[in-house]
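Please follow the structure shown below with the paragraphs that come after it, which take up one chain, then a contact between chains, and then another chain.

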Amino acid sequence: MARIGVFICWCGENIARNVDVEQAATQVAELPGVACALAYKYMCSDPGQSLIRQKIASEHLTGIVVASCSPHMHLRTFRKAAAAEGLNPYLVEMANIREHCSWVHHDRAEATAKAVELIRMAVAKVRCDHALQPIAIPVTRRALVIGGGVAGIQAALDIADAGYQVVVVEREPSIGGKMAGLSETFPTLDCSQCILTPRMVDVGQHPNITLHTYSEVESVEGYLGNFKVTIRKKARYVDVAKCTGCGQCWNACPSKKTPSAFDYNMGTRTAIYVPFPQAVPARPVIDRNACLHFLKGKCGVCAKKCQAGAINYEDQDTSVVEEVGAVVVATGFQLYQIGKERNGDGTVGYGEYGYGEYPDVIDSLQFERLVSASGPTGGEIRRPSDGQVPKTVVFISCVGSRDNAKGLSYCSKICCMYTAKHTMLYKHKVHDGTAHVFYMDIRAGGKNYDEFVRRAIEQDGAQYHRGRVSKITQENGRLIVRGVDTLVGEPLTVEADLVVLASAMRPADGVEPLAQKLNVGYDENGFLSESHPKLRPVETNAAGVFVCGACQGPKDIPESVAQATAAAGKVLVMFGHEKLAREPEIAKVNETNCAACFTCVRACPYTAIEKAEIRDRKGNLVKRTARVNQGLCMGCGTCVALCPSKSVDIEGFTEQQVYAMLESLE
Amino acid sequence: MLDELRQTCRRLLQDGAVQAVIGYGRASPDDPAVPVFISKPEDVDQLVWDDRCFANLTKYLSRKEVLSLGKLAICVKGCDERALLVLEKESQIDRSQITVIGLACDGVGQPRLAKCESCDVHMPRRADIVVGKATVPDADAGAKRYAEIEEFLKRTPQDRMAYWKKELSRCVKCYACRQVCPMCYCRQCIVDKNRPVSISTSATLKGNLAWQITRAFHLAGRCVGCDECTRACPAGIDLRLLNLSLAKAAEENFGYRPGMDPDAEPIIGAYSQQDHEEFIR
Amino acid sequence: MNEANVFQPKIIAYVCNWCTYLGADLAGTNRLEYPANVRIIRLPCTGRIDFNLIVKAFERGADAVLVSGCHPGDCHYTAGNYHARRRWILFRQLLETLGIDANRVHFSWISAAEGKKWQQVITEITEKTKALGPYTAYREICQEC
Amino acid sequence: MSELLAKKDIVRLVDQWLAAGRRVAGPQCVNAGDPHRQTDLINYTWLTKVEELQLDGFVRPTNTIKEVVFPRHEKLYGYEFKGKRIELVPAELPTAEQIVVGARPCDAAALHILDAVFNWDFKDEFYNRRRELTTIVTLACSKHDDFCFCTSVGAGPCDKRGSDVLLIPLDGDRYEVRCLTEKGQKLMAGATTTSSETAKEPEGPPTRFTLDALGEFLAAGYDRPEWPAVTRRCLGCGACAYTCPTCHCFDIVDEGGASGGARVRNWDACQFTMFTAHASGHNPRSDQSQRQRQRIHHKFQIYPDKFGELLCTGCGNCSRNCPVDMGVLPVLKTIAAKS
C-alpha cells in the first residue's frame, strides 16, 4: 500500500499569501494513499527538510510530494533529503504551487483550488513512481583530441599533464594549426611561432600523448566513457620511426614548384616536404600529386639520399583503433572562400573585389605569411604580382561577415583586431607607406584591445574609413578601390598597391560529417553546438564529447586556449571517477513486446537505441528488439511518442504516470 | 494468365526455391476467393486469379502460422506490393528471402472498389516475377486519389463529427480492421495494454473514437491504401476516409506516398527543419 | 468577485521541461497574472507528447488542450520538437476529418525566456475557450452508452 | 385455423408501440443515403420511427439480437472514492420493456440457447432482466444464401426456439401469426384476424454437412493434425464472434478516474491472442489453430455436452463477415468431409 507524505510549503508569504496552505493540507490528507499532509513555513530550510525526514521515518512513507516551488528550483534538494533518510530519491515528486500558482493567480479561492489539484496530480504521479538507481557507466580514462591547433594542443597538454593518456589526431602532416602560420599576435605583438612551437614540442615529446598526424577520424562507435575510434592514417611514404628529419630528402627533391598550402599559395614547396621548419613531428610526407616517382615512375632521389632508408613508396593508408572515454573536438576554422562560396543557387559573394583575378588582392591569412619572418618573402612585405613593396595598402573588413545578402550573418569577431594589427605590422615595415581600412564598426572588446586599435590609428597613422567597398578594378598595375566614407558622406576612391581582405571565419572543411559521426549538433553555419551557451559552454549534447576553439564559433587565441583548458577540465572531471553515474530517468524497452520496426532507432537524436537480437541458449534467433544504450540516452522520450505499441517508456515520465495525472483531474 | 501463374508456382515449388506459395484459391466457382497456402507442386491448380481476389496477402508475412511453412512466395497486386516496401523499411521482412509474384491487375470487385478507380500501380513494380499484363492506368488516376476525402472535407465540422458518431456507434471492437492490416504487426497492440489504459477497450463511442484515431494515426505515413480495413469491417464503417485524409496530408506536406519509392526515407521517425506549418504560435 | 456561475473552462497543457515549463516558471517569477484554468503536465520534451494524450485530455473533460515546447532549433534534445511538429501537421488533418474542433487544440513554442508569452497564450486560450463554451460535442461522445 | 396479420398492420403496430414510448428494435438499412456505400448494410437497431423498419428483402442483418439482452458494453456497478473509502454504487437494472420485430429465427433461437449459460450456476441478473423485458417477434426466412446452414445444425427457417411470436409469410402482403408464448399472445392480442388459411413453412438451405460426421471428428481427439491447415488463413479478429448470435464471452474491466468509475463488462472473443494470455506472458493457446479449434469444440462439443444444445444456429454470420471468408462453415465442411 502506498503511504504518501505531502509537504506543503508556505514559502514565507510567497505561497501562503494566495494559497490557503492549511486548507490544502486538510483536503489532500483525505486522498487515497496519503498518509500525512502538512504545511510548513519553509520546506527547503534545514528544519523543513528535517520535518520531511522525520515523517519519512515515523510514517513509513513510500513516496513524498513536496508542494512548493518549481522542480527546477528544489527537486534536487528534496531528493537528497529523501535519500538521506533511506527513501529512494526518485520517489519524490513536486507540485509547483508557487511559480505556477500563487505567484500568478491572485484570487485566493481559485489559487487554493488549483494548488489542491496540482498536489493531487503529483500524488497520482508519485504513486506510479519507480525506485531508480543511478546508472553506472565504466570510464576508459583516456582522451581523444581531434585537431592539433592551439586549442587541441592546449587541451591535450592539460589532460596529459594531469596524468591521463591522450590521443591527438591531426589531418595535416604537422600539428600547429592556423596559429603556426601567423606572424605576430594581437594585442601584444608577440611572435606567434615563438609562443606556439614550444608547446608543439611538448606535445610531440609528452609521454602521455600519442600523436597521429596526417590522419583522420574515420568512424566513432560507442558512447560516453567507452568510445572506439577508428583513425585512418594516410600514407606518408616516409617511415616515421626510421626518419630522423635530417632534411636531405626535401633539399634534394627536384619537384619544387608545388604551391605551399601552409603559405596559402604565396610560396612553393617540394614534393617531399614538411609544411614548415618547426613542424611536429619533423617528419616529411610525399605529395603523390607532385612526386615524379608517382607521376612519371622515375626519380627516387629522396630514397637515394635517405641514409635511414625511411622512404617507402609502397606505403598504404592504415587504420588504428583507439579506445577512449572522452573526445575533445578542436577542428578550428578556415576562411570564407571569397567568390567560391555557394548558396544553393550558385556562387555568391564578392566577385567584385577581384580576389583570385588580381594577384595583389589577397586575404588576411596570406598577408600573415607575407609579414611572417618565416614566410615566403622572409618577412619583407612584397606584393605577389611583381615583388614590389606596396606603398598603399587597403584593408577591407567584414568580407563575408555580417552580410545576410551574400555572405554570413554573424560577426567573425577577430577581424577588427587583426586588421589593426596588420596596419601596424605594415607601418612598422614600410615606414613611408599608407594603410587604409574600410570597416563597418570596430569591435574591440577585450583586455587592451581597444587601446590596441587606437594605437594603430593614432600612433601608426592607419586611415580608417567607415564604409564599404563596392568595387576593385586594376589599372596600370594599381588597384582602384572604390568605396564610400559614410562619416564624411562621400564616395572615396583609393589607388592601392595591395588589397587585403579580412575574410569571415568559417568552420573547417569536413566538420559536418565529423559531427555526424560523433553525434554532435551543429548550426546552419556548421559551427558545433554546445549544450548550453552559458552554463555548459564546452559540453555537447553527445555525452562525453566536448568542444573548444573556433569549431564552436569565431574566437581568438586567448579564448580558444581558455576554452580548451575548460574542455580539458571537463574531461578531467569525468576521469575523476572510475564509473560515471548517469541519471536513470531514461528510456527502457520492453523487449518482449517490441515489434522491431526500429522507428525509434531512426528517430533517436542521440543514436542511443540500437537494433539487438535475442537468442536462445543454442544461439537461435528468438526475436529482434530495439535496445537502449544507457550511456547515450538523454531521456527525451521521442521514442515513446513514436512507438505504436508503447514498448518503450521513459522512467520518471512513464505512460502510467502521465495517465495517472490525467485521471486525477476532476 | 492463370496458367502462367500456376506454372510459375509449380516451378518454384518443384525447384525447392520456396516451400510454400501464398495465393488465392476457392472451393467452388461461386465463392469469393480466399487466401490459400500451397506447399505441394500438385496443388497449384487450387490457385485462382480474377477480379474477386480482394485480400492483401502481405498480412500473412507477419502471421507466425504462415511463417512456419518455410521459405515463401507471395502473390501481390500492385497495391499490395506497396505494403512489402513499407514492411521492408520497417525491418519486418527480409525481401531477399521472399519470392514476390506480381499479378497484373485492372482492379477488383464488381463494381470496381474505390481504390481501384484511382489506382496507378496496375503492374507491380518490384516483384521478382510478374504474371500477366495490365491496362495502363488512367492519366487522371492520381488526380482522383483524394477526391473522396476532399468531397468529405467540404462538409461542416459539425456534420463530419455527426457522421463519425453515427458510423462509430456501430463499431463493436472486433479489430478486424487491425487484424487484416499488413502494417498492424505489433506483438501487443496498444489497445490491449492495460497499464495504463490509454484507449478504453469498451465498444462505446468514446472507446471506438479513441481506437479509430489511434489506428488511423499509427498508419500515418505508412498506410498504402489497400483498404482491407474497410472491406473487413463488419459494421460497414468507411475507414478508408480516415486513412485517405492522412495519406493526403503526408503527400501534400511531405511529398511522400508510402511504398512507392524505395529510395524515399519514411516520414515517421524523421523530420526536416523545413517542415512547414502555420498553426503553431 | 463571485463568478461561480460563469463557465470555467478546463485547459490541459502538455509542456516540455526545458522551455515552456521554465517559461511558465518565469511568468511566475515576474508575477504575470493569468487565468487559473490551466493544468500543466510536465514532460521531458515535446517529442514525448503523443497524440493519445490529446485524445485522453478531451476524454477527461478538457475544453481545450495546449501543447507547447521549445522553438525550432532550441530543443534541449536537439530534435524532439521537430519530430513533434511533423506529427502535429499530420494529426491536425485527422482531427479535421473527424470534425474535432481545431479551436480546441493549440500548439505553441514558448521559450524559457518567454514568461510574457506564456501569460498571453494562456490568457488568450482561456478567453477563446470561454467564448466557445464547454466542449459538449466531445463530452457527449464520452457519455456512457 | 390460423391467425393472420397484414404487412401494413405490422407497420401500424410498430408505429403504435413507438408512439407509446416502447423500445422497438428491428432491421434497418443503416447506410441508406451514405454516398460512400457499396452495398446495403442491414443491422438490427433501435427504431426511432417506423419508416426505418425493413422487414425483408435481404437474407439477414449483419449483427444479431443478442445485443438486446447482452449489450456489448454494460455497467455492472459503479464505485466512488469517498476520501480514503471506496463506496460501491449498484448499477440500475433495466426497466423498459422492449420488443424486437422482424428477428430472424437463427437470432431468436440463440437467446434460448444462451439462457442456459447465463443461469446454470450464477444467475445473471442483467441478462435475465432484459430477457424478461423483451418480446421477440420473429419472421420466418424466405431467403437464404450460401452462408446459411441452419438446416445442418438442427435449426431452420421456422425455428421456434426463443421466439414469442413467429410470423410466416403467407403471400406478399400477409403473415400467419403464431404466438408461441404468453408474452407473444399479449403483444398480439386483438391485432390479428382468424382465418382458415395457413402459411406454408418455407424451405431452408440445403444440408451442408452432417452433425454425425462432425461429432465423430471432434470426439476422435483434440490434437487432430488437420487443424493448422484448415485454419491457417484465420487472421485472429473478432468479427465472427461479435456477429455470432450465440457467442457470449466477455471481459470485465474497471473504467474511471480520480473520483470514481465503474466496473463494466465488454464483449470478448476467443480468437484474440490476448484472450488466454496469462499475466506471466505464457499463452496456453499460442497458435491461431488452437484458438479456432477451441471455438469449434466449444460450439459443437463442449456446450452441447454441458447444456444439451449446440452453440450454433447456422446463421452463417461468422463466414459472411469474415474478412478471409472463413468462419465455422468452411471448417465444418472440411472436417466433416475428413471424418
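Read along its sequence, chain C runs β-α-β-α-β-α-β-α-α, where helices (H or I, at least four residues) and strands (E, at least two) are DSSP runs numbered from the N terminus. The model is a predicted one, in which local features need pLDDT of at least 70 and side-chain atom pairs count only at pLDDT 80 or more, while totals for chains, interfaces and linings use all residues. Residues are numbered from 1 along each chain as its sequence is written, and chains are lettered from A and ligands numbered from 1 in the order in which they are written.

The secondary structure of chain C comes to five helices and four strands. Its radius of gyration (taken over C-alpha atoms, with the globule rule being 2.2 Å times the number of residues to the power 0.38) is 15 Å, close to the 15 Å that the rule gives for 145 residues, so chain C is as compact as a globular protein of that length. Buried residues, meaning those with 20 or more other C-beta atoms, placed from the backbone, within 10 Å of their own, make up 68% of the 145 residues in chain C.

Chain C meets chain B in a contact that takes 35 residues from chain B and 32 residues from chain C, two residues being in contact if their C-beta atoms, placed from the backbone, lie within 7 Å. On the side of chain B that touches chain C, helix H9 supplies the largest share, eight residues. The residues of that side of chain B divide into 21 nonpolar, eight polar and six charged, where Ala, Val, Leu, Ile, Met, Phe, Trp, Tyr, Cys and Pro count as nonpolar, Asp, Glu, Lys and Arg as charged, and the others, Gly among them, as polar.

Within this contact, helix H9 (residues 205-218) of chain B packs with helix H2 (residues 51-59) of chain C at an angle of about 165°, their axes 10 Å apart; axes are lines fitted to C-alpha atoms, for helices over the stretch in contact, and angles run from 0 to 180 degrees between N-to-C directions. That makes H9(B) roughly antiparallel to H2(C), a term for angles over 145 degrees. Among the residues that make the contact are Ile213(B) and Phe217(B) of H9(B), and Phe51(C) and Val55(C) of H2(C).

Chain D, finally, has eleven helices and twelve strands. Buried residues make up 44% of its 339 residues.

Definitions and conventions:
A residue is buried if 20 or more other C-beta atoms lie within 10 Å of its own, exposed if 12 or fewer, and partly exposed in between; C-beta atoms are placed from the backbone. Angles under 35 degrees count as roughly parallel, over 145 as roughly antiparallel, 65 to 115 as roughly perpendicular and the rest as oblique.
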